[in-house]
Amino acid sequence: MLHIYNTLTKKVEEIEPADPGFIRMYTCGPTVYRDAHIGNLRTYMMADWIRRAMVHHGVQVQHVKNITDVGHMRQELVETGGDKMILAALAEGKTVQEIAQLYAGRFHRDEARLNIMDAHVFPWASQHIPEMLSIVGTLLEKGHAYERGGNIYFDVPSFPDYGKLSRNTGADLLEGVRAEADPLKRDPRDFTLWKAAEPGRDVKWDSQWGEGFPGWHIECSAMASKYLGEFFDIHTGGVDNIFPHHEDEIAQSEAAFGAGHVRYWVHAQHLLADGAKMAKSSGNVFLIEELIERGFDPLSFRYLCMTVLYRHRMNFTFTSLKAAEKALTNLRSRVWQWSMEPDTNGHTAEAEEYRRRFWEAVDSDLNLPGALAVTWEMARSNLPGRAKLELMLDFDQMFGLDLHTTPANNEVGEEIVASIRERESLRQQETWETADSVRARLSADGYVVEDALNGSRVRPKTPMERRLDRWGSVSASREVPSRLHEPVQFDFSFVLNAYGYPEDVRRCVDGMLRHSQGHSAEIIVVDSGSTDGTGEMLEEMQRQHGNLRVFHCDHVIGDAASKNIGIKQSLGRHVIIMDGSAEIVGDILGPVAEQLSDPTVGIFGPYGLTTDDMQHFHEEVDRGDADAMQAYCMSFRREAVNTVGLMREVFRFYRNLDIDYCFQFKDKGYRVVADSSLPLVRHEHRQWTELDDNQRDELSRKNFGRFLKRWGNRPDLLITAGAKGFGSQFRH
């Protein structure tokens, strides 16, 4: 039987159903006013693997997964949360319920893409208000809750076991209270069960205490008890649910029902992206839809999640996802090859030993990395192909990777099948060179030829294989070697970070090409994970212009990292960083060369900034020394990078990155010089205008904080002496 780590007891325990042969399991489901990201989906896959393991052991599972719909959330989150999709839907006249249905449908679609089995019940929070009100009433009757101003609060001191799940008690508990102080509470640790509706709220319900809406935690107690009973076996969620959500759920449920609530609490650890917590403001929140857009099979993400224990932090990178996709494709190919081998007897004991070791790993705290290691050991063993096939399909009932569903010959056209027959005939005649040419022709047409003992097959290339055929891609700036040690080959290197918007990129590159004629110049464009046709357009431009080089990233790696790729690859004496919103309309190369011939000048460009307090930077420098230069166009000598260094890649968003890099130059004794007469035109900066006000504010504050942390105590670097105290303002 499966053993699992129980957050409640802080140890690995064997799962023993309260009712023999029957497991009741509840999973905290999605909030459907946004898409579930891959970190959320990792948690849902953990629950899916628990369920699959229980089914393997012959246990029947009743699985409930709630839907927290928009009608249940605070209205101000809709109004000020900044989700453009929601705001656009509201502007079109859609109701919050219609928006919830949209996101719920996308959630079910993504779960299906990942082979997550449907829960048996998907209860919606807004459809269970009576059940919530019933529990709130019971808590009031039992003295575990109190009413103040139409609000009902849970009385935490009345429940002595509060904190037993999170071990968050006493002073630590006060630290964990996330909401602002509510003067109506008896104790700051108390939490809301029912909230009085504020004036103007549309989404509300009647209750004996007046119009209002339920607190965030009561929904799970109500729905879990309705469908699974007051006590059930397993409750799953992410570690961020432990406190306060699950802690509060335990308190209100056990206080209301007078007994234990859940026996096994199981939590999945955080998924990081590129080493950082996923956050919209960091630009590293990824959706399954985005992985598909970038050519990945969604089940490659499922495979990747199997390589890390569910209760360990997992660092998602596109490099690791590529490796997972390659491994998944390899396994599928092996399954087909084994299916082509004849049935043989024998090796039963050896096969059963692999089976025993596989399920031993699974049952040991859902150790899928260990189970995967056994799987690959078996795949590379000397077992007959048919024995391997039987084991692999058995293992895949646990993995859920659909290893048996690989396209075969009958899924391609007759012309392709005829080519395979031709190749088989050539191979039988040992005309190997001609047979290889047929394989090469099929590959160029988008097909992979695979050989087995008893024949060959052809399958369409996966989207990722097709993408790699078109162009290679990188997942991080460190994957691109530096050429800064190589001799200068051009007078100028233009560097452009293309973050989408192909029309803007084309306009910018056309300006570079047009106004660098007669000069020795190269253009380096870094396609930062675009999916809007920018990459294809750049490939075509690269074929037309020998001095244009394109680097493709498989995702948005961040502004600093993208620009560092261009800087590292530059071979020009002078490097000119450009932004896609800027257009060169005349000769800028002459002035750049002239200004940078002065060894005291580190950075030169048209849009100089000045400040006297490091709080507010103003574009007021028409000509002469500046405190910083905006990266619509900024130039420097390539050789200076060896002294100054590359850009700091903590700046994933462009705001204040240019100022930070200028201060790196100033720290080494260089000047920043501006000349606003340079012939450039600035167009709409879509990287900024496509954001809503909340996103702009958050991104700017975070980047300004990074800048101040490093340079806030260096007023000596400013043109004007005597900086006056540093606050939280930032450049607009």
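Phe 663 and Phe 707 are both buried, where buried means under 20% relative accessible area with a 1.4 Å probe and protein chains only. This is a predicted model, in which local features need pLDDT of at least 70 and side-chain atom pairs count only at pLDDT 80 or more, while totals for chains, interfaces and linings use all residues. Residues are numbered from 1 along each chain as its sequence is written, and side-chain values use heavy atoms, with hydrogens and water left out.

The structure holds 25 aromatic pairs. Rings of Phe, Tyr and Trp (its six-membered ring) pair if their centres lie within 6.5 Å; planes under 30 degrees apart count as stacked, over 60 as edge-to-face and the rest as tilted. The ring centres of Phe 663 and Phe 707 are 5.1 Å apart and the planes stand at 85 degrees, so this pair is edge-to-face. The pair links distant parts of the chain, with Phe 663 in helix α23 (residues 657–667) and Phe 707 in helix α25 (residues 693–711), 44 residues apart. Helices (H or I, at least four residues) and strands (E, at least two) are DSSP runs, numbered from the N terminus. Ring pairs also link Phe 286, Phe 296, Phe 301, Phe 316 and Phe 318 into a cluster.

Two arginines lie over ring faces, as listed below. A charge sits over a ring if NZ of Lys or CZ of Arg is within 6 Å of the ring centre and within 35 degrees of the ring normal.

| Arginine | Ring | Distance from ring centre |
|---|---|---|
| Arg 186 | Tyr 146 | 4.0 Å |
| Arg 655 | Trp 688 | 4.2 Å |

A nonpolar core is a set of buried Ala, Val, Leu, Ile, Met, Phe, Trp, Tyr and Cys residues joined through side-chain atoms within 4.5 Å. The largest one has 73 residues, and Ile 50, Phe 301, Phe 316 and Leu 366 have the most contacts inside it. Helix α1 (residues 38–56) supplies the largest share of this core, 9 residues. Apart from it lies another core, of 42 residues, including Cys 28, Phe 191, Trp 194 and Phe 213.

Four strands form an open sheet in the order β5-β6-β7-β8, with antiparallel pairing; two strands pair if DSSP finds at least two bridges between them. The edge strands β5 (145–148) and β8 (212–214) each have a single partner strand, so one side of each is left without a neighbour in the sheet. Strands β6 (residues 151–154) and β7 (residues 191–196) pair over 3 bridges, and Phe 191 in β7 is the bridge partner of Phe 154.

Definitions and conventions:
Buried means under 20% relative accessible area, exposed over 50%, partly exposed in between (1.4 Å probe, protein chains only).
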